[in-house]
Amino acid sequence: MKKDLLKLLDLTGEDIHEILDTADQMKFSQKHGIAHDHLKGKTLAMIFEKNSTRTRVSFEVGMYQLGGHALFLSGKESQIGRGEPVEDTARVLARYCDGIMIRTFAQAEVEELAQKASIPVINGLTDFAHPCQVLADLMTIREQMTRLEGLKLAFIGDGNNMANSLIVGGLKCGMDVSAACPEGYDPDPVVLDFAKTVTDCKFELVRTPAEAARDADVIITDVWASMGQEEERAVRAKAFAGYCVDEELMKLTHPGCMVQHCLPAHKGEEISAGVFEAHADEIFEEAENRLHAQKAVLYLLMKD
């Protein structure tokens, strides 16, 4: 792996499978009470400029289980939230800690932090990418389906950070990917340009959920209005009308099709309550796998 985890575009398919294989080992060790304090004495600084439940808890618990320690730094309470240059924050934290995880808005901030820091930097979420979540998604799919290559992944919803990372991660692992997004809500052009370079599996951007869901092995969706987009909620509700993973849509998929959702879910909007509950075990296994996938990333980046 590279020094940092900033976006899945930076990784090879082999890198992703190394993370997933390591995550499987971490999960086995945790479930069977096998000591795996590989990061004993290490400290992770966690910078949060966006609120979180799963990201904070999974990284903090993960560092504890690996024998290390995690520090929570709120963007509002730290100097980075009061105008200190990112490059200065990076150079200070690199003298105290062994790694940095940041959850923020701009991808450029994460990239700059990594450029200036001499220690590993992990993207906990930006408006462009959500690599840790998608690693957990891929881990969950591989657990249930036993493979990734040759499966069809369908994403229904906003062409946001989740769509960007799912497209890249799915294609790099040999999956066919179909994304259904309304006009004006497409994935990032950088991601669409990458998809054009892939020749060993298929990508398509379509306008109706039915087109994307047909013969899918995995359906993934996300909220219509992400964090920071609350003021657009009414406009987005109109644009995304019909972009719901419901019982009728599931009839178009392959038998045994999985459903994934990064949570929190707005039942009755992007997913029906019935489909959510029918696939709740898969969805909450996906949430648990944030812990194991991130422990794998922490270990691979921060080990001696």
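**Close-up views of a predicted model**

**View 1. Surroundings of His 130.** Leaving aside residues up to four places away in sequence, His 130 touches Arg 103, Gly 124, Leu 125, Asn 161, Met 162, Ser 165 and Arg 290, where contact means heavy atoms within 4.5 Å. His 130 is found in the loop that runs between β4 (121–125) and α5 (131–145), helices (H or I, at least four residues) and strands (E, at least two) being DSSP runs numbered from the N terminus. With a relative accessible area of 5%, His 130 is buried (under 20% relative accessible area, 1.4 Å probe, protein chains only). The model is predicted, so that local features need pLDDT of at least 70 and side-chain atom pairs count only at pLDDT 80 or more, whereas totals for chains, interfaces and linings use all residues. Residues are numbered from 1 along each chain as its sequence is written, and side-chain values use heavy atoms, without hydrogens and water.

**View 2. Packing of α5 and α12.** Helix α12 (residues 280–302) packs with α5 at an angle of about 115°, their axes lying 7 Å apart; axes are lines fitted to C-alpha atoms over the stretch in contact, and angles run from 0 to 180 degrees between N-to-C directions. Residues making the contact include Cys 132, Leu 135 and Met 139 of α5 and Glu 286, Arg 290 and Val 297 of α12.

**View 3. Lining of the largest cavity.** Lys 7, Leu 8, Leu 9, Phe 128, Ala 129, Asn 164, Ser 165, Val 168 and Val 191 line the largest cavity, a cavity being a set of points on a 1 Å grid over the protein atoms alone where a 1.4 Å probe fits but cannot get out, and lining residues having an atom within 4 Å of a point. Helix α6 (residues 161–172) gives the most to this lining, with three residues.

Terms used
Buried means under 20% relative accessible area, exposed over 50%, partly exposed in between (1.4 Å probe, protein chains only). On a 1 Å grid over the protein atoms alone, a cavity is a set of points where a 1.4 Å probe fits but cannot get out, and a pocket is an open set with protein on both sides within 12 Å along at least five of seven lines; lining residues have an atom within 4 Å of a point.
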